[in-house]
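Okay, thanks for making time, everyone.

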Amino acid sequence: MSEHSTDKPAGTPAAPAAKRSRGGKPGARKPSAIPGRRRARELALQGLYQWLVGGADGGEIDAHMREQDGYDQADKVHYDALLHGCIAEATTIDAVLARHTDRATRDLSPVEHAVLMIGVYELTHCIDIPYRVAVNEAIELAKSFGGTDGHKYVNGVLDKAAADLRPVEVAARKAAQS
């Protein structure tokens with residue numbers, strides 16, 4: 001199994017500690033069963049939320065997130081890249097988002113804003129992750145942590161962003177589907 005096999009799109013989680021089985025029925029899921037990159041995304045999302053809402057220092061947020069349950073199961077390299085990369089590149093990421101959102105990023109829900117930041121960061125810097133996986137993982141985060149229909153908004157914005165950030169990959173997928 002490759003290092004990136006945990007990035008395959010999964011079922012729809014009802015909450016961070018639960019997932020749906022193939023039959024669509026909720027099933028219990030132990031926190032340790034959450035794949036490393038998914039856990040890294042969840043922790044980065046929580047940290048970015050704190051940063052967006054409270055404006056805390058990235059180092060303080062990072063220290064706090066490292067104390068959270070399940071941190072030891074996270075892909076620590078990916079977590080560091082997401083949290084610190086999104087904070088460091090917030091202006092650039094927001095500029096990308098501004099081209100595809102219907103409102104200023106400051107007017108977005110902080111959860112959806114953080115999810116979109118993670119999605120754009122992965123689309124830009126994590127070329128080893130297929131664009132559909134990056135989009136689907138962001139959708140799953142929005143379903144787990146965001147508002148009722150926030151995942152639909154995230155999907156629409158990141159699909160448009162993917163076409164800009166990974167045009168060859170998006171075109172190849174569309175051609176293969178034809």
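This is a predicted model: local features need pLDDT of at least 70, side-chain atom pairs count only at pLDDT 80 or more; totals for chains, interfaces and linings use all residues.

Leaving aside its neighbours within four places in sequence, which residues is Tyr-79 in contact with?

The protein chain has 178 residues, and 44% of them are buried. For secondary structure, we get eight helices and two strands. Reading along the sequence, the order is β-β-α-α-α-α-α-α-α-α. And if you take the contacts with a separation of 6 or more, 69% of them are between residues 24 or more positions apart.

Once you skip the neighbours within four places, its contacts are Ala-40, Leu-43, Ala-44, Ile-61, Asp-62, Met-65, Arg-66 and Tyr-71. The relative accessibility of Tyr-79 is 0%, so it counts as buried. There's also a C-alpha pair to look at here: Tyr-79 and Gly-47 are 32 residues apart in sequence, and in space their C-alpha atoms are 9.9 Å apart.

H6 covers residues 131-145, so that's 15 residues, and at 1.5 Å a residue they should span 21 Å. The end C-alpha atoms are 21 Å apart, which agrees.

How many of the 15 residues of H6 are buried? It's 12, so the helix is largely enclosed by the rest of the structure. The buried set is Tyr-131, Arg-132, Val-133, Ala-134, Val-135, Glu-137, Ala-138, Ile-139, Glu-140, Leu-141, Ala-142 and Ser-144. And what covers them? The cover includes helix H1 (36-54), helix H5 (110-125), helix H7 (150-165) and helix H8 (167-177).

H5 has 16 residues and reaches 22 Å from its first C-alpha to its last, close to the 22 Å expected at 1.5 Å a residue. H5 is mostly covered too, with 13 of its 16 residues buried.

Next, the packing of H6 against H7. In general, two packed helices are described by the angle between their axes and the distance between the axes. For H6 and H7, the angle is about 160° and the axes are 8 Å apart. Anything over 145 degrees counts as roughly antiparallel, so H6 is roughly antiparallel to H7. The crossing of the two is right-handed.

Who makes that contact? From H6 we have Tyr-131, Arg-132, Val-135, Ala-138, Ile-139, Ala-142 and Lys-143, and from H7 we have Gly-150, His-151, Val-154, Asn-155, Leu-158, Asp-159 and Ala-162. By type, that's eight nonpolar, three polar and three charged residues.

Let me zoom in on one of those, Arg-132 in H6. Buried or exposed, for Arg-132? Its relative accessibility is 18%, and the cut-off for buried is under 20%, so Arg-132 counts as buried. Beyond its neighbours within four places in sequence, Arg-132 is in contact with Asn-155, Asp-159 and Arg-173.

Gly-156 and Val-135 are 21 residues apart in sequence, and C-alpha to C-alpha they are 9.5 Å apart in space.

Technical notes. Residues are numbered from 1 along each chain as its sequence is written. Side-chain values use heavy atoms; hydrogens and water are left out. Helices (H or I, at least four residues) and strands (E, at least two) are DSSP runs, numbered from the N terminus. The expected span of a helix is 1.5 Å times one less than its number of residues. Buried means under 20% relative accessible area, exposed over 50%, partly exposed in between (1.4 Å probe, protein chains only). Contact means heavy atoms within 4.5 Å. Axes are lines fitted to C-alpha atoms, for helices over the stretch in contact, and angles run from 0 to 180 degrees between N-to-C directions. Angles under 35 degrees count as roughly parallel, over 145 as roughly antiparallel, 65 to 115 as roughly perpendicular and the rest as oblique. A crossing is left-handed if the near helix is turned anticlockwise from the far one by less than a right angle, and right-handed if clockwise. Ala, Val, Leu, Ile, Met, Phe, Trp, Tyr, Cys and Pro count as nonpolar, Asp, Glu, Lys and Arg as charged, and the others, Gly among them, as polar.
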